[in-house]
Amino acid sequence: MPETKSGIITNESGERHIPASKRADGSTRREIKIRPGYKPPEDVEVYKNRAAESWKTRGSGGIPGAEGLKDDKGDGDSKANNKNAKRREARKKAKAASEPQDGAAEPAKSPEKSDASTLAKPEPLEPEAEKEKQARNLRKKLRQAKDLMDRKENGENLLPEQLEKVIKINELVRQLDSLGFDTEGLPKER
């Protein structure tokens, strides 16, 4: 008695049916007879176009017969991994070399040598230079926001992100003021 995906069983006499079963609540389902020739959707095999399947998997197969070469080669991007590993190792060595100097003697370290030896991490800027950099960034954002506001006043439709920039104009002016700069980015007189 072969059974199909849909649960249809064929008797010795050739009749097909779905056998009686019990529900979760304890009641029984009656046996269902299936007409000869009927094939339920679960049992119908899906047509597969070989040309379409090969087209979908065209890039993943590689060269026919060259499957063994991939295994012999090893990791595909090992050259890049080795290069990155070397860089990490060099950074660790540079960091280890600079740490004992810091703890041993302060005069041994000069600013010119530290800039040339550790390119991985730049020195922090002076507070005044940092303020100027922030003011430059804020001035740029303020200029862009004012341009967007002019476009809006001329009747152009703006995207939601652009409207948010226009709304933040007062906040940008406040941030510039707190840094000690006016709206043109010039330092205020104290």
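# Reading a predicted chain: a tutorial dialogue

UniProt, in an unreviewed entry, places the feature "domain: WIBG Mago-binding" at residues 14-40; UniProt positions follow the numbering used here, feature names are shortened, and annotations may be inferred rather than shown by experiment.

Q: What kind of model is this, and how are its residues numbered?
A: This is a predicted model, in which local features need pLDDT of at least 70 and side-chain atom pairs count only at pLDDT 80 or more, while totals for chains, interfaces and linings use all residues. Residues are numbered from 1 along each chain as its sequence is written, and side-chain values use heavy atoms, with hydrogens and water left out.

Q: How many helices and strands does the protein chain have?
A: Helices (H or I, at least four residues) and strands (E, at least two) are DSSP runs, numbered from the N terminus. Here the protein chain has 7 helices and 5 strands, and their order from the N terminus is β-β-β-β-β-α-α-α-α-α-α-α.

Q: Which strands form a sheet, and in what order?
A: Two strands pair if DSSP finds at least two bridges between them. In this structure, 3 strands form an open, antiparallel sheet in the order E1-E2-E5. Strand E1 (9-10) and strand E5 (32-34) are the edge strands, each pairing on one side only. Strand E2 (residues 16-18) joins E5 through 3 antiparallel bridges; Arg-16 has Ile-34 in E5 as its bridge partner.

Q: Is Ser-21 buried, partly exposed or exposed?
A: Buried means under 20% relative accessible area, exposed over 50%, and partly exposed in between (1.4 Å probe, protein chains only). Ser-21 belongs to strand E3 (residues 21-22), and it counts as partly exposed because its relative accessibility is 29%.

Q: Which residues does Ser-21 touch beyond four places in sequence?
A: Contact means heavy atoms within 4.5 Å. Leaving out residues up to four places away in sequence, Ser-21 touches Ser-27, Thr-28 and Arg-29. From C-alpha to C-alpha, Ser-21 and Glu-31 are 7.8 Å apart in space, at 10 residues apart in sequence.

Q: How is the span of helix H5 to be read?
A: The expected span of a helix is 1.5 Å times one less than its number of residues. H5 has 27 residues and reaches 39 Å from its first C-alpha to its last, close to the expected 39 Å. Just after H5, Gly-155 takes a positive phi of about 100 degrees.

Q: Which residues make up the largest nonpolar core?
A: A nonpolar core is a set of buried Ala, Val, Leu, Ile, Met, Phe, Trp, Tyr and Cys residues joined through side-chain atoms within 4.5 Å. The largest one has 9 residues: Ala-135, Leu-138, Leu-142, Ala-145, Ile-169, Leu-172, Leu-176, Leu-179 and Phe-181. Helix H5 (127-153) and helix H7 (169-179) are the elements that give two or more residues to this core. The buried residues of H5 pack against helix H6 (160-167) and H7.

Q: Why does Leu-138 count as buried?
A: Leu-138, in helix H5, counts as buried because its relative accessible area is 10%. Beyond four places in sequence, Leu-138 is in contact with Leu-172, Gln-175, Leu-176 and Leu-179.

Q: How much of the protein chain counts as buried?
A: Of the 190 residues of the protein chain, 13% count as buried.
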